[in-house]
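I opened the model to look up a few local features. These are my notes, in the order in which I took them.

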Amino acid sequence: HTDDQENRGEQAIKDLVREKMENLKMSLVDDLETKLFQAFGSIAANEPNSLDYYIREDPTASATVSGIAQDTYSWWQNKIKDMVNLDVSVQLLDQLRTMINNCSSGLDRPNLLVADQSSFEKVEDETLEQKIITQGGTGDAMFDTIRFHGLDIVWSPSAVANSIYVLNLRYLRWITNSDFDFNMTEWKPAQ
């Protein structure tokens, strides 16, 4: 019980608990992020559906998503753009703009772009070439946040390589079952 010996006193114990809770939170975020990008066939029954369940590489393949057959109802198929034979340095932003528009319906449009690191950096390179600065302040060679067509672009180390997900978070929900959530109980000594 080294933690008990090193953290005597009420404030030290509170600091230790705060640190352990922060570590737990970071571990859960990492675990959920990994599961978010898992291949569809590798998801256990008690795990959340991954993006691969909703966003198929071949949206015309026979698949049922949330009880709706994609091959029967084409309006339920996700959009995809394969850029294998395209020059990414020339056509990336044009194709991304078209994909955002293809995923929009009037004012109902995507609100987040999630990329793998490589794709994010390609968008960042293209953004840097435009040299448009919208916020004043100290000059910086890179950006902390990139926006394209008003949408934040973030990257995930778990995202599928060479992919940018165009998402509308209004239609994605995290639904939990209270029987499986964490329950706060009395403190228990570590074994």
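I take two strands as paired if DSSP finds at least two bridges between them. Helices (H or I, at least four residues) and strands (E, at least two) are DSSP runs, numbered from the N terminus. The model is predicted, so I kept to its limits: local features need pLDDT of at least 70, side-chain atom pairs count only at pLDDT 80 or more, and totals for chains, interfaces and linings use all residues. Residues are numbered from 1 along each chain as its sequence is written, and side-chain values use heavy atoms, with hydrogens and water left out.

Entry 1, strands. I looked up the partners of β5 (residues 151–155). Strand β3 (residues 112–115) pairs with β5 in the parallel sense, over four bridges. Strand β4 (residues 146–148) pairs with β5 in the antiparallel sense, over three bridges. I then checked Ile153 in β5: Leu113 has Ile153 as its bridge partner, and Ile146 stands opposite Ile153. The hairpin of β4 and β5 has two residues between the strands, and there His149 takes a positive phi near 55°.

I searched the whole structure for aromatic pairs and found four. I count rings of Phe, Tyr and Trp (its six-membered ring) as a pair if their centres lie within 6.5 Å; planes under 30 degrees apart are stacked, over 60 edge-to-face, and the rest tilted. How are the rings of Tyr53 and Tyr54 set to each other? Their centres are 4.7 Å apart and their planes stand at 85°, so I noted the pair as edge-to-face. For accessibility I use relative accessible area: buried is under 20%, exposed over 50%, partly exposed in between (1.4 Å probe, protein chains only). Tyr53 is buried at 12%, whereas Tyr54 is partly exposed at 29%.

I next took Trp75 and Trp76, whose ring centres are 5.7 Å apart with planes at 70°, so this pair is edge-to-face. Trp75 is exposed, with 59% relative accessibility. Trp76 is partly exposed, with a relative accessible area of 31%. Ring pairs also bring in Tyr73, linking Tyr73, Trp75 and Trp76 into a cluster.

I placed Gln91 in helix α4 (residues 88–102). Gln91 is partly exposed, at 27% relative accessible area. What does Gln91 contact, leaving aside its neighbours within four places in sequence? I found Gln91 in contact with Met83 and Leu86, where contact means heavy atoms within 4.5 Å.
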